[in-house]
Amino acid sequence: MKFTILIALTVFSYSSTIFAQRAQNPRYTQKLERIYKHSVPLVDPKTAEEILAGDKEVLLLDTRTKREYEVSHIPNATFVDFNSFDKKDWKEMDREQPIIVYCSVGYRSERIGEKLQNMGFKNISNLYGGIFEWKNVGNEVVDREERPTEQVHTYNADWGRWLDRGEKVVK
């Protein structure tokens, strides 16, 4: 219930919070607005951090590739490969399970969020700006052994320009 209330508040206030956060890089905000369909409610990194710290029932899903996840991911994230997402793996899960999805910038995670919604999941949020924005605002990422790292896989060099903090990795 706490998660649902926080998400509702986030949906109503996300644009002012997010645009205030990204005021230093309006081109990034414009880029994200062009790629998002807004089919999955967005949650900004600060609110997501608060939700994750306060509600251990929230499932955090990293929807990037295995290589991206192994370079770094948000602590306690579960890997869900965008390229091999299978509805059968989710058949037995509680449809009320609170879930936050993320990828590099939020495009792939929005697609996975849509699939989960189509399967009847009700409490899905997409991390605004993905792991890039998570790191850009100073949050921690961890490596495959769950140790803090500065490395972030940038998907490719072009997308990497939106990562302001951390060590860019493209392999």
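The legends below describe close-up views of a predicted model.

Residues are numbered from 1 along each chain as its sequence is written, and side-chain values use heavy atoms, with hydrogens and water left out. Because the model is predicted, local features need pLDDT of at least 70 and side-chain atom pairs count only at pLDDT 80 or more, while totals for chains, interfaces and linings use all residues.

**View 1. The protein chain has 7 helices and 9 strands.** Helices (H or I, at least four residues) and strands (E, at least two) are DSSP runs, numbered from the N terminus. Of the 171 residues in the protein chain, 51% are buried. Buried means under 20% relative accessible area, exposed means over 50%, and partly exposed lies in between (1.4 Å probe, protein chains only). Among contacts in the protein chain with a separation of 6 or more, 71% are between residues 24 or more positions apart. Contact means heavy atoms within 4.5 Å.

**View 2. An open sheet of 5 strands has the order 1-5-4-2-3.** The pairing in this sheet is parallel. Strand 1 and strand 3 stand at the edges and have a single partner strand each, so one side of each has no neighbour in the sheet. Two strands pair if DSSP finds at least two bridges between them. Strands of a sheet pair through backbone hydrogen bonds, either parallel or antiparallel.

**View 3. Strand 2 (residues 59-62) is covered on both faces.** Leu59 and Leu61 on one side are buried, and so are Leu60 and Asp62 on the other. Strand 2 pairs with strand 4 (residues 99-102) in the parallel sense over 4 bridges. Here leucine 59 stands opposite isoleucine 99, and leucine 60 stands opposite isoleucine 100. Strand 2 also pairs with strand 3 (residues 78-79) in the parallel sense, over 2 bridges. In this pairing aspartate 62 stands opposite phenylalanine 79. From strand 2 the chain crosses through helix 4 (residues 66-71) to strand 3, and this β-α-β crossover is right-handed. A crossover is right-handed if, with the strands pointing away from the viewer, the path from the first strand over the helix to the second runs clockwise.

**View 4. Asparagine 126 lies in strand 5.** Asparagine 126 is buried, with a relative accessible area of 0%. Leaving aside neighbours within four places in sequence, the contacts of asparagine 126 include Tyr36, Leu42, Val43, Val101, Tyr102 and Glu110.

View 5. The buried residues of helix 2 are Tyr28, Thr29, Lys31, Leu32 and Ile35. Exposed Arg27 and Arg34 are on the face of helix 2 turned away from its buried side.

**View 6. The whole structure holds 5 aromatic pairs.** Rings of Phe, Tyr and Trp (its six-membered ring) pair if their centres lie within 6.5 Å; planes under 30 degrees apart count as stacked, over 60 as edge-to-face and the rest as tilted. One of the pairs is tyrosine 36 with tyrosine 128, which is edge-to-face at 5.9 Å centre to centre, with 70° between the planes. Tyrosine 36 is buried at a relative accessible area of 5%, and tyrosine 128 is buried at 0%. Phenylalanine 85 and tryptophan 90 form a stacked pair, because their ring centres are 6.0 Å apart and their planes are at 25°. Phenylalanine 85 is buried, with a relative accessible area of 14%, and tryptophan 90 is buried with 7%. Ring pairs link Phe85, Trp90 and Phe121 into a cluster.

**View 7. Arginine 111 lies over the face of tyrosine 107.** The distance from the ring centre is 4.5 Å. A charge sits over a ring if NZ of Lys or CZ of Arg is within 6 Å of the ring centre and within 35 degrees of the ring normal.

**View 8. Glutamate 146 has a positive phi of about 70° although it is not a glycine.** Most residues other than glycine have a negative phi. Glutamate 146 is in the loop between strand 6 (141-142) and strand 7 (148-149), and is partly exposed, with a relative accessible area of 41%.
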